[in-house]
Amino acid sequence: METKVLNVSKAILISYILSAIALVVLAFIMYKSGLTKSQVEIGVKVIYFISAFIAGLVIALKEKRRRLFWGMAMGAAYMAIIMIISLIVNKGNMENMVSMLVNMAICIVGGGVGALILAVKK
């Protein structure tokens, strides 16, 4: 049980480190080129997908069984943490629930794809 918790923690930590780096790069690009709001939103969604993909890949390397489940769980956990932080920062105000659900789906699919790629390769 302890190894599963450690594996999940590592996968989530790696995905958040990757997210932080990618968001800084996106902010720099936005500053230099003046991206529109919709372009930034697309960039953030791509970052969500890639981060969840990496989390799914990392957990699939560690878990030998039920890789798809673990990959999708990593995507859901990744977005759930973001949603919780957003709720705290916005004092419980969730204005755009549809967007949050779309982002959750993107992360779940990203994590699942990351895990599947490794499962198919083996």
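Modeller: Let's start with Ser15, which touches Ser51, Ala55 and Tyr78, not counting residues up to four places away in sequence; contact here means heavy atoms within 4.5 Å. This is a predicted model, in which local features need pLDDT of at least 70 and side-chain atom pairs count only at pLDDT 80 or more, while totals for chains, interfaces and linings use all residues. Residues are numbered from 1 along each chain as its sequence is written, and side-chain values use heavy atoms, with hydrogens and water left out.

Ser15 sits in helix 1 (helices are DSSP runs of H or I with at least four residues, numbered from the N terminus). With a relative accessible area of 0%, Ser15 is buried, meaning under 20% relative accessible area with a 1.4 Å probe and protein chains only.

Two of its partners, Ser51 and Ala55, belong to the helix 2 side of a helix contact, and Tyr78 belongs to the helix 3 side. The axes of helix 2 (residues 37-62) and helix 3 (residues 67-89) come within 8 Å and cross at roughly 135°; axes are lines fitted to C-alpha atoms over the stretch in contact, with angles from 0 to 180 degrees between N-to-C directions. The crossing is right-handed, that is, the near helix is turned clockwise from the far one by less than a right angle. Helix 2 also contributes Tyr48 and Ala52, among others, and helix 3 contributes residues including Gly75 and Met79.

Tyr78 leads on to the largest nonpolar core, a set of 16 residues where Ala11, Tyr48, Met74, Tyr78, Met79 and Cys107 touch the most other members. Such a core is made of buried Ala, Val, Leu, Ile, Met, Phe, Trp, Tyr and Cys residues joined through side-chain atoms within 4.5 Å. Helix 1 (2-33), helix 2, helix 3 and helix 4 (97-121) each supply at least two of its residues, and the largest share, six residues, comes from helix 3.

Cys107 is worth a look too: leaving aside neighbours within four places in sequence, Cys107 is in contact with Tyr48, Ala52, Gly75, Tyr78 and Met79. Finally, Ile106 of helix 4 is in contact with Lys45 and Phe49, again leaving aside neighbours within four places in sequence. Ile106 and Lys45 are 61 residues apart in sequence and 7.5 Å apart in space, C-alpha to C-alpha.

Conventions
Buried means under 20% relative accessible area, exposed over 50%, partly exposed in between (1.4 Å probe, protein chains only).
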